[in-house]
Structures are given as C-alpha cells and as structure tokens.
Amino acid sequence: MNWNLSFQFSYRTGAIIVRDNKMLFVKSKFGGYYYMIGGGVHLGEDSKSCVERETYEETGVKCTARRIAIICENFFRGVGGAIDGKDCHELEYYYLMDMPKEAIFETSTDDDEKLEWVALDELSNNDIRPAFLKTELKGVIEGESLIHVINDERNV
C-alpha cells in the first residue's frame with residue numbers, strides 16, 4: 001500500500017467550558033489563534049473519558065462531561081508542529097463540561113500554551129478554529145441539541 005505522508009488523521013475531543021459568560025480556550029503558539037481544550041482519543045478510550053482526562057491534564061481541574069454538543073468532521077491545512085503543511089482530517093467530539101463551582105484553572109496547558117477566557121459575545125471578533133465555532137457555540141451552550149458539522153478550511 002502506498003501511504004501519502006502529507007495527510008494526517010486524528011480523532012479528538014474538545015471541552016466547552018463556560019464561566020461568567022466566557023469560554024476557556026487554548027491560544028496556539030503557532031499563529032496566535034484560539035482552539036478548544038482537548039486532545040487525541042487513545043485507542044481503546046471512549047470520547048467522554050478522553051475529554052475529561054484532557055481537560056484535567058491541560059487545566060488542572062477535574063471537570064465532568066455533561067453532554068456531547070457538536071460532532072465535527074474537520075478538514076484543514078496544518079500550521080506548526082508535527083502537522084505543519086499537512087492536509088488534516090479530524091473527527092472531533094465537543095462536550096459541554098461541568099466544573100467545580102470554585103475551580104481555579106491553570107494559566108497554561110501541559111504543552112505550555114496559554115489558557116484564555118474569551119467572552120461569548122466576542123467570539124466573532126477573535127480568530128477561533130475551526131471558524132464555524134464563532135457562530136455555533138452560543139447556540140449549543142444555550143441548550144440547542146446536538147449538531148453535526150462538516151467543516152472544510154483547506155482552501156480558505
């Protein structure tokens with residue numbers, strides 16, 4: 001079989017953590033855009049366990065996955081690190097998370113990227129990836145049912 005090494009597939013989760021009308025994001029060290037806390041699902045691991053594990057690893061807070069909010073088939077051109085220049089295909093499960101009332105979150109992830117709170121009303125004014133999150137997050141946070149998105153940003 002001839003494998004093309006310019007492609008990257010991953011299965012990941014993302015955590016929707018909201019407090020005081022703000023959402024917690026990771027600020028990428030490659031380009032300064034925001035993306036959702038989370039990470040790759042390990043073989044044999046379910047997505048709910050993954051998002052809870054990744055949230056704890058990245059924020060230092062034990063959060064609980066309340067419900068899945070978004071399933072995304074995401075296609076994009078990688079920027080920085082191991083995915084730089086690759087055509088990426090990610091299957092992503094985004095969960096609404098519950099946190100302890102007085103939780104104190106770290107200010108950077110285990111990969112030394114900054115954690116920042118972004119006001120929900122300011123999402124459209126920020127570089128958030130994938131970009132559809134700027135318009136869809138508010139609805140799922142306010143109780144909209146599960147949504148499925150096919151997002152293709154390879155030629156944007």
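**Figure 1. The hairpin of strand 3 and strand 4 in a predicted model.** Six residues separate the two strands of this hairpin. Gly31 lies in the turn and has a positive phi of about 105°. Strand 3 covers residues 22–27 and runs antiparallel to strand 4, with three bridges joining them. Phe25 has Met36 of strand 4 as its bridge partner. Strands here are DSSP runs (E, at least two residues) and helices are runs of H or I (at least four), numbered from the N terminus. Two strands pair if DSSP finds at least two bridges between them. Residue numbers start from 1 along each chain as its sequence is written, and side-chain values use heavy atoms, with hydrogens and water left out. Because the model is predicted, local features need pLDDT of at least 70 and side-chain atom pairs count only at pLDDT 80 or more, while totals for chains, interfaces and linings use all residues.

**Figure 2. Strand 4 and its pairing with strand 1.** These two strands run antiparallel and are joined by four bridges. Gly14 stands opposite Gly38 of strand 4. Five of the seven residues of strand 4 are buried, so the strand is largely enclosed by the rest of the structure. Buried means under 20% relative accessible area, exposed over 50%, and partly exposed in between (1.4 Å probe, protein chains only).

**Figure 3. The largest pocket.** The pocket holds about 1100 Å³ of space. Its lining has 40 residues, and the closest to the centre are Tyr33, Tyr35, Phe76, Ile83 and Glu90. Two or more lining residues come from each of strand 1 (7–16), strand 4 (34–40), helix 1 (47–59), strand 5 (64–77) and strand 6 (87–98). Strand 4 gives the most, with five residues. The lining divides into 15 nonpolar, twelve polar and 13 charged residues. Asp, Glu, Lys and Arg count as charged; Ala, Val, Leu, Ile, Met, Phe, Trp, Tyr, Cys and Pro as nonpolar; the others, Gly among them, as polar. A pocket is an open set of points on a 1 Å grid over the protein atoms alone, where a 1.4 Å probe fits, with protein on both sides within 12 Å along at least five of seven lines; lining residues have an atom within 4 Å of a point. Points are joined across faces, edges and corners, and the volume is the space filled by probe spheres set on them.

**Figure 4. Salt bridges.** The whole structure has nine (side-chain nitrogen of Lys or Arg within 4 Å of a carboxyl oxygen of Asp or Glu). Glu52 and Lys48 meet at 3.1 Å, N to O. Both lie in helix 1, four residues apart, about one turn of the helix. Glu52 is partly exposed at 21% relative accessibility, and Lys48 is partly exposed at 37%. Asp87 and Arg77 form another salt bridge at 3.6 Å, N to O. Asp87 lies in strand 6 and Arg77 in strand 5, so the pair ties together parts ten residues apart in sequence. Glu45, Arg53, Glu54 and Glu57 are linked in a network of salt bridges.

**Figure 5. The surroundings of Ile128.** Ile128 sits in the loop between strand 7 (114–119) and helix 2 (133–141). Ile128 is buried, with a relative accessible area of 1%. Not counting residues up to four places away in sequence, Ile128 touches Phe25, Tyr34, Leu123, Leu133 and Lys134 (heavy atoms within 4.5 Å). The side chains of Arg129 and Asp127 meet in a salt bridge at 3.1 Å, N to O. Arg129 is partly exposed at 34%, and Asp127 is partly exposed at 36%.
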